[in-house]
Amino acid sequence: MTTKITSANITQSGTSGISSVAWQAVQTTGFTAVAGRAYPCNTTSAAFTVTLPASPAAGNVITLTDYAGTWGTNNLTINPNGGKINGGATNGVVSTSRGAVSLVYVDSTQGWISFASNLATTISQTITVDFLVLAGGGGGTSGGGGAGGYRTSVGTSGGSPGTAESALALSLNTAYTITVGAGGKGKNQSPATTLGLIGNNSVFASITSAGGGWGGGQSGVTSGNGGSGGGGGRNNTSKGNGTANQGFDGGVGVSGSGTEPAGGGGGAGGLGGNGVSPGTAGAGGSGRTSPLDSISRGGGGGGTTENASGGTASSGGGPGGNPNGSNATDNYGGGGGGASGSPSSVGGNGGSGIILIRIPSANTATFSGGVTQTSTTGGGYKIYTVTAAGVSDTVTFS
């Protein structure tokens, strides 16, 4: 509820009851507020932070108002100083020009509660969320499948395009979509297909990682683009392209040689290997190791040859084989291994993706119930690992 401040809310008294606050001089830099006082806050020069009292008592009141109408440009941050604001343990931000808000301390459960405001002033509270969002890998044909797109806010291992993104600032008590992408099927698997299938996207809040591209087939049957690109098929010099800052391109196949080696799928940390004449299939591209749990994921699938061994894979990708390719490991987002070109050969399935979420240990993530997830706590953080593929869910932070 939004309530305008009136003379019934504010009087010129030095006590700390709900109806009594004493107005202070204009504040232009960060300060620690005292209960029972009202502060005009001038953020014309720069945004700053008001720190609430460390040991408040029930009934303490503080009022803050926008002196110069600049909160919309330079926001005012309210630090709960180890307590809570509206039940949340994070800083609050007010960003309404000519706004004002009054806070009353209730108890340690809810902390300071906003009970009066003007101009629809609200206190927004956000939480800093680190993430790894890895999509499902692509299925193998004769070329190896590409790894699922790999997006993260922590760690840069794997080189370009392995650049960490900014952590997310998400609102408390707001539901955000979360879906782990399934891996794409390899060729000639139910439902039957002459090509592997692209992996499925993984989604968390505003972050979408693209599914890995499928491995290419023989003689001009192209490979797929994706988070990482699929490897070119036997007798096929095409390759799939990766997505910027998510994964690498697949390798190319060899045209016109006896065993026609196929290319490996691109990985989250490196290019898929090219096929090499006369009989060396391309290896799957390397994956990336996440500092969130020290596990390497997102390897491309290995390519195959007609009569020789298939290309290798790492970081959860499936090796190529003869006649059949190997499946990638679920929750590692790797590409499936390529299979030889016989009609009955079976390409490897791409592995399902995974989502990791890290938040401060004082906060909690609540899932609506669709996904499978586990959590660990340490070093001042909670890390949630979400694994169930193909299930839409929501997560709310408090």
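## Exercises on aromatic pairs and overall form

The ring-pairing rule (centres of Phe, Tyr or six-membered Trp rings within 6.5 Å; planes under 30 degrees apart stacked, over 60 edge-to-face, the rest tilted) gives a count of five aromatic pairs. The model is predicted, so that local features need pLDDT of at least 70 and side-chain atom pairs count only at pLDDT 80 or more, while totals for chains, interfaces and linings use all residues. Residues are numbered from 1 along each chain as its sequence is written, and side-chain values use heavy atoms, with hydrogens and water left out.

**Exercise 1.** Work out why the pair of phenylalanine 367 and tyrosine 384 counts as tilted.

Step 1: The centres of the two rings lie 5.8 Å apart and their planes meet at 55°, so the pair is tilted.

Step 2: Phenylalanine 367 is in strand E19 (residues 365-367) and tyrosine 384 in strand E21 (residues 381-386), 17 residues apart.

Step 3: Both phenylalanine 367 and tyrosine 384 are buried.

**Exercise 2.** Find the arginines that lie over the rings of tyrosine 332 and tyrosine 381.

Step 1: Apply the criterion that NZ of Lys or CZ of Arg is within 6 Å of the ring centre and within 35 degrees of the ring normal.

Step 2: Arginine 297 lies over the face of tyrosine 332, 5.6 Å from the ring centre, and the charged end of arginine 358 sits over tyrosine 381, 4.3 Å from the centre of that ring.

**Exercise 3.** Describe the protein chain as a whole, from its strands to its dimensions.

Step 1: The protein chain has 22 strands and zero helices.

Step 2: Its C-alpha atoms fill a box of roughly 95 × 40 × 30 Å along the principal axes.

Step 3: Of its 398 residues, 51% are buried.

Definitions and conventions
Helix = DSSP H or I, 4+ residues; strand = E, 2+ residues; numbered from the N terminus. Buried < 20%, exposed > 50% of the residue type's maximum accessible area, 1.4 Å probe, protein only.
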